[in-house]
Amino acid sequence: MALPSYTETRYRIWHYIYLTICTFVFFFLIAPLFVIFPLSFNAEEFLVFSEGMKNLDPDAFSLRWYKDMIYGTKNPWGLAAKNSFIIAIFATIGSIILGTLAALGLSSRHMPYKGLIMATLISPMIVPLIISGVAIFFFMAKAGLAATHTGIVLAHIILGTPFVVITVTATLSGFDHSVTRAAASLGSNPVNTFMKITLPLILPGVISGGLFAFVTSFDEVVVVLFLAGLENTTIPIQMWTGLREQLSPTILAVATCLILLSTLILISAELLRRRSERLRGINR
Amino acid sequence: MSSETKQILTTDGIPLEVSLKKAEKKNKIKAFLLVAPLLLFLVITYIFPIGDMFMRSVDDRMVTNMLPKTFKAMEKWENLEELPPEEVYRGFYEDYKLLVEKQEHGKLGQRLNKEKNGFNTITKRLFRQIKRNKIDESISIKEQINKIHKRWRNVEFWLAIKRTAPPYTMAKYLKGMDMYVASDGSIAQVDEDRRIHRILWLRTLEIAFFVTLFSFFMGYPIAHLLATLPMKYSNLLMICVLLPFWTSLLVRTASWMILLQQQGVVNDFFVMIGLVGDDNRPEMMYNKVGTYVAMTQILLPFMVLPLYSVMKTISPSLMRAGKSLGGTPFVAFWKVYFPLTIPGIGAGCLLVFILAIGYYITPALVGGASGTLISNQIAFHMKTTLDWSFASAMGLMLLTGVLVIYWIYNKLVGVDNIKLG
């Protein structure tokens, strides 16, 4: 973004003001995440930087909160992590299957009432979570699924499918349908064509939609708060109760792990996006 | 002439038009069958329950079912300024006696007390009389009931019972707007010092509006920078937007709680640069400031991403052309670049606004009492007071607002144009 040499001084000043604002905004976006790292290694029980930490005294740092997270007595994090992963994995699988099928149907040019159906399918993304929570709770309570894993998985499928529908529809919009016709003309049945031709081509879209669904489920707290019993506690629920009641540094240790996890997911999502663009022949 | 053209037949001898229609229909069904599982699933587990919320919010069948004879008799009560006739009293007495046998009279008392204050006392009096078998059914019940308490002789109380007759009520919606049905049937406002809901609605709108505004003013420059920088730098900076986007909401809220607390980093910094005294650290959490700051940071990526995807498509040569035609950089920006980004602005602003208006977690944790929004009130009634019908009514009022915004969004940008990353 070097300015041409003929730029007038006042525009030069404006340009530097603009860059300063941008730097400030990027800092505002990313810096809060980095507060958590050092504090999670705090040797003391308070959530502030101790004098020792400011002087980089090695004694002021410790792994005790990570140990507490894993080995702590009466510690809810183990169960919460197990539940979170089980629920998120099943919810992701469910969302991928239902969402991909629906996206395939929606991308067909024969689909009737496309706009209305699309709006219905992605409505869980638009409706405020608190309302979804109330509605889903009423259904699960009636169906006898409140405070069960099944109920939470179903609830997260509802919240996760819109992402799969959107990403897969987007992938399919650049999809060359003549390849499936070619497969059909060569004698392949529709299922075979889907597995061997369509799926590999739309796979990046499916997986990135699946990643969204996974993160949605893994991070979801509003609906789970209505649905979960003591047995179904998840990481977000534990964090929520922790943040409301006793703000212990163990939460920061968990938060650090979650940031690492989201970094991993970010990297995979980026790689997928690039692969998908390459496959669809979009070069920038 | 077209009528004279010979019909084109397929090899099977069927007219081509018919055959084509058949194939089209088959394709339609095929496409629909693919969508059907998800559609059915959502309709059963999601769309119907939202309808159920509506039923709950207007449902008022409890009293209707409890006092069938009373309401039947009330049809004959014509002069509403005088006390109802003997039949109404008798009907009410019989209904109430049945409720006492089923031990449901307490519920009725509470419900009627909500309609008109003071009902609980007088129904309890009636209950005691019935328990002691003090009421003689062979003589006028009207006189006996009237003797129990002077309020039974007040026509207002009978009118209150009459108001509970319809099986459906709008009372919960009115309550959500701090209004109620007065004894004469007109809609009145609650006392000024008790208008809590209106404050919450206004605050929700205010916070959503300002969070959108802040996000816009912060998101526009960085989206522009990301879209104009060479790829290798912009990819790196994009991480600053995408990492918060992918990070757990609770983690981000937790980091703001640490930053904004009184002994937190932000206050430390203010003390260090001498903005505030060490003993006079401002409270930045548990109030609106905390809600604004945390929500803006959390929702900012939702502003940047749509803006970025629109700005990316704008050719840089347009700005150069504007400048070469004599516009200053400001004019070129304002007349050429800015209008082209309006679709992105619309998408970003409406997305952030819709998300902000239904926010729950962050305001509940950093908002304190003055930062709570309408969603927190809904959750409070769902979990604490267990007034589910009121929670449903408020939820649907919020939903209506969101759907209106969504409809505008759809008109302006189109739902299918939502892009993720």
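Q: At what angle do the axes of helix α8 (residues 149–173) of chain A and α1(B) cross, and within what distance do they come?
A: Two packed helices are described by the angle between their axes and the distance between the axes. In this predicted model, the axes of α8(A) and α1(B) come within 11 Å and cross at roughly 120°. Axes are lines fitted to C-alpha atoms, for helices over the stretch in contact, with angles from 0 to 180 degrees between N-to-C directions. Helices are DSSP runs of H or I, at least four residues, numbered from the N terminus.

Q: What does that make α8(A) relative to α1(B)?
A: Oblique: under 35 degrees is roughly parallel, over 145 roughly antiparallel, 65 to 115 roughly perpendicular, and the rest oblique. The crossing is left-handed, meaning the near helix is turned anticlockwise from the far one by less than a right angle.

Q: Which residues make the contact?
A: From α8(A) come A:L154, A:I158 and A:T161, and from α1(B) come B:L38, B:L42, B:T45 and B:Y46. A contact needs C-beta atoms, placed from the backbone, within 7 Å.

Q: How many residues does the contact take from chain B and from chain A?
A: 72 from chain B and 73 from chain A. Helix α1 (residues 16–58) of chain B gives the largest share of chain B's side, 18 residues.

Note on methods
Residues numbered from 1 in each chain as written. Chains lettered and ligands numbered in written order. Predicted model: local features only at pLDDT ≥ 70, side-chain atom pairs only at ≥ 80, totals over all residues. Contact = placed C-beta atoms within 7 Å. Helix = DSSP H or I, 4+ residues; strand = E, 2+ residues; numbered from the N terminus.
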